[in-house]
Amino acid sequence: MEANVGKMIVSGNNINVPVPWGHIAVKECGNLEGRPIFLMHGWLDNCGSFQPILPYFTANYRMICIDAPGHGLSSHYP
């Protein structure tokens, strides 16, 4: 793997999952036929935090990154 892999931006499908107060933002990337791995960030973060590690997994796995409510591109609670 290249030394600058952590600087790559991994593209994928942006999905909005409807919830009563708006939507939950999800980014799906990698091998859509591969085993799914769900990634959920910690407090005061967003799914963009996983960009540096995604290139290590996308060839073999389906990566599903979820933004918590009120974080990243997800809707805030009312």
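**View 1. Tyrosine 77 is exposed, at a relative accessible area of 54%.** Exposed means over 50% relative accessible area, buried means under 20%, and partly exposed is the range in between (1.4 Å probe, protein chains only). This is a predicted model, in which local features need pLDDT of at least 70 and side-chain atom pairs count only at pLDDT 80 or more, while totals for chains, interfaces and linings use all residues. Residues are numbered from 1 along each chain as its sequence is written, and side-chain values use heavy atoms, with hydrogens and water left out. The whole structure contains 2 aromatic pairs. One of them is formed by tryptophan 21 and tyrosine 77, with 4.7 Å from centre to centre and 50° between the planes, and this pair is tilted. Its members come from distant parts of the chain, 56 residues apart: tryptophan 21 belongs to the loop between E1 and E2, and tyrosine 77 to the segment after E4. Rings of Phe, Tyr and Trp (its six-membered ring) pair if their centres lie within 6.5 Å; planes under 30 degrees apart are called stacked, over 60 edge-to-face, and the rest tilted. Tryptophan 21 is partly exposed, at 30% relative accessible area.

**View 2. Four strands form an open sheet with mixed pairing, in the order E1-E2-E4-E3.** The edge strands, which each pair on one side only, are E1 (13-19) and E3 (35-40). Averaged over the sheet and ignoring direction, neighbouring strands are turned by 25° against each other. For such angles, axes are lines fitted to C-alpha atoms (for helices, over the stretch in contact), and the angles run from 0 to 180 degrees between N-to-C directions. The protein has 0 helices and 4 strands, so that its elements read β-β-β-β from the N terminus on. Helices (H or I, at least four residues) and strands (E, at least two) are DSSP runs, numbered from the N terminus.

**View 3. A hairpin connects E1 to E2 through 2 residues.** These two strands pair in the antiparallel sense over 7 bridges. Two strands count as paired if DSSP finds at least two bridges between them. Valine 17 has isoleucine 24, in E2, as its bridge partner. Strands of a sheet pair through backbone hydrogen bonds, in either a parallel or an antiparallel way.

**View 4. Strand E2 (residues 22-30) and strand E4 (residues 61-66) run antiparallel and are joined by 5 bridges.** Cysteine 29 has methionine 63, in E4, as its bridge partner, and lysine 27 stands opposite cysteine 65 in E4. What ties E2 to E4 besides these bridges? Glutamate 28 forms a salt bridge with arginine 62, and their closest N and O atoms are 2.6 Å apart. Glutamate 28 lies in E2 and arginine 62 in E4, so this pair ties together parts that are 34 residues apart in sequence. The count of salt bridges comes to 1, where a salt bridge is a side-chain nitrogen of Lys or Arg within 4 Å of a carboxyl oxygen of Asp or Glu. Glutamate 28 counts as buried, at 11% relative accessibility, whereas arginine 62 counts as partly exposed, at 28%.

**View 5. The largest nonpolar core has 8 residues, among them Cys29 and Met63.** A nonpolar core is a set of buried Ala, Val, Leu, Ile, Met, Phe, Trp, Tyr and Cys residues joined through side-chain atoms within 4.5 Å. Which residues does methionine 63 touch, leaving aside its neighbours within four places in sequence? Methionine 63 is in contact with Lys27, Glu28, Cys29, Ile37, Leu39, Leu54, Phe57 and Thr58. Contact here means heavy atoms within 4.5 Å. Of the 78 residues of the protein, 32% count as buried. Among contacts with a separation of 6 or more, 66% are between residues 24 or more positions apart.

**View 6. Leucine 44 has a positive phi of about 60°, although it is not a glycine.** Most residues other than glycine have a negative phi. Leucine 44 lies in the loop between E3 and E4 and is exposed, at 72% relative accessible area. Glycine 42 is also placed in the loop between E3 and E4, and it counts as partly exposed, at 42% relative accessibility.
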